[in-house]
Amino acid sequence: MPGFPETIAIVGVPGVGKTTLCRILSEKLDHTFINYGELMLEVAEKRGLAGTLEELFSLPMDQQHSIWREAAHRVSEMNGVLLDLHGLDRSPIGYLISLPVEFITPDLIIILESDPGDIIKRRIADSKRRISDTPSGLLEHMELLRTAMFVCASLMGSIVSVVENRAPERAASEITEIIKAAEDLEILPG
């Protein structure tokens with residue numbers, strides 16, 4: 001399909017609903033769905049370094065970075081990818097851009113957002129409970145994610161769009177419309 005995006009990155013803060021949305025989109029699109037955290041865990045397991053995401057993210061930063069790079073390299077060799085990742089992560093030393101721009105150039109970056117109260121409710125209901133945040137900390141993360149993704153998009157020549165996740169099916173429909181509009185305008189490389 002001419003102009004159809006080869007690589008689509010769905011980014012957002014933890015608990016915004018990226019994985020649910022990507023599962024819905026993967027049924028509508030002819031793309032391979034990759035959850036970046038799960039791919040990193042697969043790499044860590046293969047190396048014998050971690051068996052859970054909690055163990056993975058407890059590893060020293062240099063080991064996490066090495067795993068992150070290998071996962072990025074794997075994705076860069078794939079065609080037609082729907083990538084689920086945070087885009088910007090908080091660490092003990094500050095925020096880190098987690099979209100691996102040196103390896104992967106998405107044609108389309110979708111920043112998924114939701115009401116902060118809804119995100120906090122999802123995080124509380126999550127059995128993993130990996131992330132705790134204050135409302136002001138969550139808003140800061142969301143604002144910095146937007147800024148970081150717009151900067152990345154401008155440097156890579158990617159299209160970036162912000163989608164509100166009030167209902168995953170509706171958000172998936174909105175994203176397919178964004179893809180169709182870009183294709184119709186011949187914006188995306190094909």
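Tutor: Happy to. Helices (H or I, at least four residues) and strands (E, at least two) are DSSP runs, numbered from the N terminus. Residues are numbered from 1 along each chain as its sequence is written, and side-chain values use heavy atoms, with hydrogens and water left out. This is a predicted model, in which local features need pLDDT of at least 70 and side-chain atom pairs count only at pLDDT 80 or more, while totals for chains, interfaces and linings use all residues.

Our spot is His86, found in the loop between strand S3 (81–85) and strand S4 (88–91). His86 counts as partly exposed because its relative accessibility is 23%; buried means under 20% relative accessible area, exposed over 50%, and partly exposed in between (1.4 Å probe, protein chains only). Leaving aside residues up to four places away in sequence, His86 touches Val11, Gly12, Pro14, Lys18, Ser98 and Leu145, where contact means heavy atoms within 4.5 Å. For a sense of distance, the C-alpha atoms of His86 and Met40 are 13 Å apart in space, and the two residues are 46 apart in sequence.

Now step to Val13, which lies in the loop between S1 and H1. Val13 counts as buried because its relative accessibility is 2%. Its C-alpha atom is separated by 8.0 Å from that of Gly87, a residue 74 places away along the chain. Not counting residues up to four places away in sequence, Val13 touches Lys18, Ile119, Arg123, Leu138, His141, Met142 and Leu145.

Lys18 leads us into H1. In this helix Lys18, Leu21, Cys22, Ile24 and Leu25 are buried. They cover an arc of only 165 degrees around the axis, so they sit on the same side of H1; the arc is that of the directions from the helix axis to the C-beta atoms. What covers these buried residues includes strands S1 (7–11), S2 (32–35), S3 (81–85) and S6 (108–113), as well as helix H7.

The axes of H1 (residues 18–28) and H7 (residues 168–184) come within 9 Å and cross at roughly 50 degrees. Axes are lines fitted to C-alpha atoms, for helices over the stretch in contact, and angles run from 0 to 180 degrees between N-to-C directions. H1 and H7 are therefore oblique to each other, since angles under 35 degrees count as roughly parallel, over 145 as roughly antiparallel, 65 to 115 as roughly perpendicular and the rest as oblique. From H1, Thr20, Leu21, Ile24, Leu25 and Lys28 meet Pro168, Glu169, Ala171, Ala172, Ser173, Ile175 and Thr176 of H7. The residues of this contact divide into 7 nonpolar, 3 polar and 2 charged; Ala, Val, Leu, Ile, Met, Phe, Trp, Tyr, Cys and Pro count as nonpolar, Asp, Glu, Lys and Arg as charged, and the others, Gly among them, as polar.

Pro116, Ile119, Ile120 and Arg123 of H5 make the contact with Pro135, Leu138, Leu139 and Met142 of H6. Its residues divide into 7 nonpolar, no polar and 1 charged. Ile119, Arg123, Leu138 and Met142 are also touched by Val13.

Beyond residues up to four places away in sequence, Thr32 touches Met78, Gly80, Val81 and Leu82.

Finally, recall Met40. It belongs to H2 (residues 36–46), whose axis comes within 9 Å of that of H4 (residues 61–76), crossing at roughly 115 degrees. H2 and H4 are therefore roughly perpendicular to each other. Tyr36, Leu39, Met40, Glu42, Val43, Ala44 and Lys46 of H2 meet Gln64, Ile67, Trp68, Glu70, Ala71, Ala72, Arg74 and Val75 of H4. Those residues divide into 10 nonpolar, 1 polar and 4 charged.
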